[in-house]
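We'll go stop by stop.

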Amino acid sequence: MIEWRDEGALLSARTHGETSVIIEALTRSHGRVAGIVRGGISRKLAPHIQPGAQLDLTWKARLDEHLGTFTVEPKRSRTAQVMGDRLALDGLNSLCALLSATLPEREPHPALYDRTMALLDLLGDTDLWPLAYLQWELALLDELGFGLDLRSCAVTGGNDALIYISPRSGRAVSASGAGDWADRLLPLPPVMLGSGDATGAEIAKALGTTGYFIEHRALKALGDRPLPSSRQRLVDRIASLS
Amino acid sequence: MATDDSTADIERLIELMARLPGLGPRSARRAVLHLIKKRQLQLLPLAEALHRVGTTARECLNCGNIGTGDVCGICASEKRATGELCVVEDVADLWAMERAGVFKGRYHVLGGTLSALDAVGPEELRIPQLIDRVAAESITEVILALGATIDGQTTAHYIADRLQDVKVTSLAQGVPVGGELDYLDDGTITAALKARRSL
């Protein structure tokens, strides 16, 4: 019998049979892992089996390739914290959907786990959350091997007036370096470089760029999946922030 | 039980019963045996009722409730045209509301909740029909009676954003009747504290 214990955040849950639930959780040492929770729809457990919940997880299976069974011990619920907040709800849905769609199963990403926990702890903070989410998406791309290189212009090598990103290489391009290719490049809003005003419109524009790379690099490599619709709802919500 | 031609129909019935929620092969076998013993009293009336429901049950074209006509009794009743429309996730939720007997308006069954992971978008639910109904039936208040789950509340906010010209309310969340704080999860206590009211 294989058994391990770890802490993780719940990404998704769907009912299995009449009493059980199949959950997916992001753990620090074991990455994204799925397993059955027996009695998961019971009144005792159901309130804790919600996306974003922090759980103490024990995973058991006879063979490593089996789906396995989780025993869950609730540590912290985030459901009540986000339920009345549209931005927090859309953010949580987008985060969970992206992790579920892009992360390979059972591959640990401790750095991304720590960033994800920090982002979940900020849920409900309307002032900080959109920018933190943008930085989290950049970190996600980095972790998946499609990180953007925004340090200098891919054409001139300089680091002045970087306002575009090459959709092909993911490298920054300056205004002078873009030349006639400008209309084929993606926008690089200053907020992605850590400068300028972090307004809703600017962050939404930056999320348009990160969304391109998530869709055309990370998800394409996994069988041309579309971007989760919840992410678009989040981008629309952020764009409407003043 | 040994299977031969003489018992094949009974075995088939047991197999079908065993697929019902709450039943397994053993309980299905007991139920079938019981029905056969009470043939006149239970088996034949049950078979007749199943046949009737099987041929007549359908979704109400207006609200999504299940009835035996194109329009269900609630939608057909003029007394229920109070201007209040209660939005529920599933027919089981509608029946639960009706059992409580406190709501006198009409319903709208969505058929699920938005779910990014299961790729359930607004078009997969009866949200466009809801928006049409609100305009067509002179609705004054839409009550969102959706689950206190992430998916349920995401759906509630999505609907509220699309119904700007009508009063939109949702069910309260907090301590259940007969509940003791000691046994409640921290999420429920947080929701209850946020929704506290003056006495």
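Which side chain meets that of Glu137(A) in a salt bridge? Select Arg231(A): its side chain and that of Glu137(A) come together at 2.8 Å, N to O. (A salt bridge here is a side-chain nitrogen of Lys or Arg within 4 Å of a carboxyl oxygen of Asp or Glu.) This pair links distant parts of the chain, with Glu137(A) in helix 4 (residues 129-143) of chain A and Arg231(A) in helix 7 (residues 229-239) of chain A, 94 residues apart. Helices (H or I, at least four residues) and strands (E, at least two) are DSSP runs, numbered from the N terminus. Both Glu137(A) and Arg231(A) are buried; buried means under 20% relative accessible area, exposed over 50%, and partly exposed in between (1.4 Å probe, protein chains only).

Before the next click, a word on what you're looking at. This is a predicted model, where local features need pLDDT of at least 70, side-chain atom pairs count only at pLDDT 80 or more, and totals for chains, interfaces and linings use all residues. Residues are numbered from 1 along each chain as its sequence is written, chains are lettered from A and ligands numbered from 1 in the order in which they are written, and side-chain values use heavy atoms, leaving out hydrogens and water.

**More salt bridges**

Over all chains, the rule counts 19 salt bridges. For another one, pick Arg78(A) and Asp121(A), whose side chains meet at 3.0 Å, N to O. Arg78(A) is in the loop between strand 5 (69-76) and helix 1 (79-83) of chain A, while Asp121(A) is in helix 3 (residues 110-121) of chain A, so the pair ties together parts 43 residues apart in sequence. Is Arg78(A) buried or exposed? It counts as buried because its relative accessibility is 1%. Asp121(A), on the other hand, is partly exposed, at 41% relative accessible area.

Now hop to chain B and select Arg106(B) with Glu137(B): this salt bridge is 3.9 Å, N to O. Arg106(B) lies in strand 4 (residues 106-109) of chain B and Glu137(B) in the loop between helix 6 (127-136) and strand 5 (141-145) of chain B, so parts 31 residues apart in sequence are tied together. Arg106(B) counts as buried at 10% relative accessibility, and Glu137(B) as partly exposed at 23%.

**Where the chains meet**

Zoom out and show both chains. The contact (heavy atoms within 4.5 Å) takes 25 residues from chain B and 28 residues from chain A. The buried area between them is about 2,000 Å², with carbon and sulfur atoms giving 58%. (Buried area is the accessible area, with a 1.4 Å probe, that two parts lose on being put together, summed over both.) Highlight Leu117(B), Ile150(B) and His157(B): they supply 33% of the area that chain B buries against chain A, more than any other three residues.

How many salt bridges are there between chain B and chain A? The count is two. To see one of them, select Arg86(A) and Asp161(B), which meet at 2.8 Å, N to O. Next, colour helix 7 (150-162) and helix 8 (186-194) of chain B, the elements giving two or more residues to the side that touches chain A. Helix 7 of chain B gives the most, with eight residues.

**Last stop**

Select helix 3 (residues 39-56) of chain B. This helix is hardly covered: among its 18 residues, the count of buried ones is one.
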